[in-house]
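Please read the report below alongside the sequence and the model. It takes up helix packing, then aromatic pairs, and lastly some local features of the backbone.

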Amino acid sequence: MKAELPAVTFPGGRQVPALGLGTWHMGESGSSPAEEAASLRAGLDLGMTLIDTAEMYADGGAETVVGEAIRGRRDGVFVVSKVLPHNASRTGTIAACETSLKRLGTDHIELYLLHWRGNHPLAETVEAFETLKAQGKIGAWGVSNFDQDDMVELLDVAEPARPLANQVLYNLARRGIEYDLLRWSQVQGVPIMAYSPLDEGRLVGHPVLEEIGRIHHASSAQVALAFLLTKPGVIAIPKSGSPERVRENFRASEIRLTSEDLRLLNEAFPPPTRKRPLEMI
């Protein structure tokens, strides 16, 4: 029987699965767009209906792959894309979004993010986001790679509008946000999207994850994802170019980590004891 994916609720009540689909490095030279689209469709079949992409990924190539994957099944898919900071002026944001829509083959994006802070004023980017929202081209907007101070500033600038989510680097090896940003976001009701949840593959094969995995008849990657699924308000977006690996990722939702498992993970990957600069890759 298919496992029930945990859900995260966005401000406004929209629910999405806490385990979605990433596309970083898709659509690049040497990749197989057909297989990559098939992997995304495999995830959609399993209920992993949130797909994250960006205009930066393969210079739009990843968005094209997503467009192929959602062709004929657009309803029910929650698409996330991002605007690059140098495009994030008022007019530039709108133009970038329209280009992304063409590559995606759709007339709207559920969630549109500022990829990271740049030189354009936040107020200008937010104004553009609100215009796109009023036009029906995006359902909501948010940010990526924003630390707590950035988020506080953003809330002040955007008032009364609010970001729907903040996408940041978060995995067992990169737990810095647990010191402040994660709890602040949970209190504020702003979900965290965790990119590179397997630390670009570096967590795969870790001996402690392998040890815990043997107990649960699971892989080290599944254990790393299961850890993130224990965190309220966190959406993990692993990328995989093969349907088989996507199905493996999905089975992370079947793992129920015990207090002893979490103790071992905390020993191997200690949570932060002081404020650290927000990590990015």
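At roughly what angle do the axes of helix α3 and helix α4 cross, and within what distance do they come? In this predicted model, the axes of α3 (residues 90–104) and α4 (residues 122–134) come within 8 Å and cross at roughly 45 degrees. The two helices are therefore oblique to each other, and α3 passes α4 in a right-handed crossing. On the α3 side the contact involves Arg90, Thr93, Ile94 and Cys97, which meet Glu124, Thr125, Glu127, Ala128, Phe129, Thr131 and Leu132 of α4. Sorted by class, the residues of this contact are five nonpolar, three polar and three charged.

**Packing around α1**

Helix α1 (33–46) takes part in two further helix contacts, one with α2 and one with α9. With α2 (61–70), α1 packs at an angle of about 55 degrees, the axes being 8 Å apart, and the two helices are therefore oblique to each other. Their crossing is right-handed, and the contact is made by Pro33, Glu36, Ala37, Leu40, Arg41 and Leu44 of α1 together with Val65, Val66, Glu68, Ala69 and Ile70 of α2. By class, the contact of α1 with α2 comprises eight nonpolar and three charged residues, with no polar residue.

With helix α9 (residues 243–250), α1 packs at an angle of about 30 degrees, again with the axes 8 Å apart, and that angle makes α1 roughly parallel to α9. The crossing of α1 and α9 is right-handed, and here Glu35, Ala38, Ser39, Ala42, Gly43 and Leu46 of α1 meet Pro243, Val246, Arg247 and Phe250 of α9. The residues of this contact divide into six nonpolar, two polar and two charged.

| Helices | Angle | Axes |
|---|---|---|
| α3 and α4 | roughly 45 degrees | within 8 Å |
| α1 and α2 | about 55 degrees | 8 Å apart |
| α1 and α9 | about 30 degrees | 8 Å apart |

**Aromatic pairs**

A search of the whole structure finds five aromatic pairs. Among them are Trp24 and Tyr57, whose ring centres lie 6.2 Å apart with planes at 20 degrees, so the pair is stacked. Trp24 lies in the loop between β2 (15–17) and α1, and Tyr57 in the loop between β3 (50–52) and α2, so the pair ties together parts that are 33 residues apart in sequence. Trp24 is partly exposed, with a relative accessible area of 22%, whereas Tyr57, at 6% relative accessibility, counts as buried.

Another pair, Tyr112 and Phe129, has ring centres 5.8 Å apart and planes at 75 degrees, so it is edge-to-face. Tyr112 lies in strand β5 (residues 109–114) and Phe129 in helix α4, so this pair ties together parts that are 17 residues apart in sequence.

**Loop residues and backbone features**

Which residues does Gly20 contact, leaving aside its neighbours within four places in sequence? Gly20 lies in the loop between β2 and α1 and, at 0% relative accessibility, counts as buried; its contacts, with those neighbours left aside, are Met48, Leu50, Ala236, Ile237 and Pro238. The C-alpha atom of Gly20 is separated by 19 Å from that of Ile281, a residue 261 places away along the chain.

Two residues other than glycine have a positive phi, namely Asp59, at about 50 degrees, and Glu200, near 55 degrees. Asp59 is placed in the loop between β3 and α2 and, at 72% relative accessibility, counts as exposed. Glu200 lies in the loop between β8 (192–195) and α7 (207–216), where its 43% relative accessibility makes it partly exposed.

Finally, the peptide bond from Glu159 to Pro160 is cis, with omega near 10 degrees, and Pro160 has its place in the loop between α5 (148–158) and β7 (166–169).

Key:
Residues are numbered from 1 along each chain as its sequence is written. This is a predicted model: local features need pLDDT of at least 70, side-chain atom pairs count only at pLDDT 80 or more; totals for chains, interfaces and linings use all residues. Side-chain values use heavy atoms; hydrogens and water are left out. Axes are lines fitted to C-alpha atoms, for helices over the stretch in contact, and angles run from 0 to 180 degrees between N-to-C directions. Helices (H or I, at least four residues) and strands (E, at least two) are DSSP runs, numbered from the N terminus. Angles under 35 degrees count as roughly parallel, over 145 as roughly antiparallel, 65 to 115 as roughly perpendicular and the rest as oblique. A crossing is left-handed if the near helix is turned anticlockwise from the far one by less than a right angle, and right-handed if clockwise. Contact means heavy atoms within 4.5 Å. Ala, Val, Leu, Ile, Met, Phe, Trp, Tyr, Cys and Pro count as nonpolar, Asp, Glu, Lys and Arg as charged, and the others, Gly among them, as polar. Rings of Phe, Tyr and Trp (its six-membered ring) pair if their centres lie within 6.5 Å; planes under 30 degrees apart count as stacked, over 60 as edge-to-face and the rest as tilted. Buried means under 20% relative accessible area, exposed over 50%, partly exposed in between (1.4 Å probe, protein chains only).
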